Amino acid sequence: MTTQHRLLRPLWEGVRGICFDLGGTLVRPEAEPTTGQVARLLGISLEEARAVMEQGAKRRRVTPEGLARDLAAAFRRPALVGPLIHVLERVRQRAAEPELFPDAQPALTALRERGYALFALTNSLGSSIPAEPPQAFRNLLDQVIYSAETGAVKPEREAFAAVEHACGLGPDRLLHVGDSPRADVAGAAAAGWHTAWLDRHMP
């Protein structure tokens with residue numbers, strides 16, 4: 001066992017469940033994130049698009065067509081309904097068949113064999129939730145919890161509480177792994193969870 005492992009092990013002693021972020025952690029993200037594509041189409045800043053999505057589209061289920069029409073109406077761009085639908089439909093299809101990082105499946109399989117409960121918690125557009133659990137996650141995760149189904153987004157306490165409710169474990173028994181210092185690490189730490197930041201050195 002390496003020195004690093006000896007140092008980390010006590011920090012996570014007692015952990016019985018591990019929760020992962022999806023995009024950027026288990027799933028390889030698109031070169032341009034969905035919010036960036038939407039911002040570019042609407043001619044607004046990325047920050048404005050993120051705020052709009054976090055306030056509404058990531059907190060409720062909605063069809064790609066419904067979200068496209070809502071966005072086009074909100075920003076007075078009726079001619080962009082079609083292009084927005086195209087972007088959102090493609091994102092939904094990709095969510096149904098996610099491209100995992102090469103190390104994701106072996107890591108999840110090893111953790112499963114060690115008896116950990118395994119979950120994913122993601123801030124997802126309501127238009128992107130697949131109709132069925134992705135095949136890539138079957139037998140690897142107990143459940144994927146989407147913000148659009150709970151109405152809470154990371155780093156809000158309620159987002160992490162949804163995982164606690166699903167697995168029946170308290171904060172001191174849970175570890176969250178993610179690539180966002182704010183949404184994943186700070187959010188989980190504020191909820192009383194153990195935390196791990198995964199930096200894949202992506203641009």
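The model is predicted, so to speak of local features takes a pLDDT of at least 70, and side-chain atom pairs count only at 80 or more, while totals for chains, interfaces and linings use all residues. Residues are numbered from 1 along each chain as its sequence is written, and side-chain values use heavy atoms, with hydrogens and water left out.

Start with α2, residues 34-42 (helices are DSSP runs of H or I, at least four residues, numbered from the N terminus). Seven of its nine residues are buried, meaning under 20% relative accessible area with a 1.4 Å probe, protein chains only. Those are T34, T35, G36, Q37, V38, A39 and L42. The cover over them includes α3, α4 and α5. Just past the end of α2, G43 takes a positive phi of about 75°.

Now look at α3, residues 46-57, which packs against α2 at an angle of about 115° with the axes 9 Å apart. Those axes are lines fitted to C-alpha atoms over the stretch in contact, and angles run from 0 to 180 degrees between N-to-C directions. On the α2 side, T35, G36, V38 and A39 meet L46, A49, R50 and M53 of α3, contact being heavy atoms within 4.5 Å. By class, that contact has five nonpolar, two polar and one charged residues.

Then there's K58, in the loop between α3 and α4. K58 is buried yet has no salt bridge, with the nearest side chain of opposite charge, E54, 5.8 Å away; a salt bridge needs a Lys or Arg side-chain nitrogen within 4 Å of an Asp or Glu carboxyl oxygen. Among the residues K58 touches are M53, N123 and V153.

Notes. Helices (H or I, at least four residues) and strands (E, at least two) are DSSP runs, numbered from the N terminus. Ala, Val, Leu, Ile, Met, Phe, Trp, Tyr, Cys and Pro count as nonpolar, Asp, Glu, Lys and Arg as charged, and the others, Gly among them, as polar. Buried means under 20% relative accessible area, exposed over 50%, partly exposed in between (1.4 Å probe, protein chains only). Lys and Arg count as positive and Asp and Glu as negative; His and the chain ends are not counted. Lists of a residue's contacts leave out its neighbours within four places in sequence.
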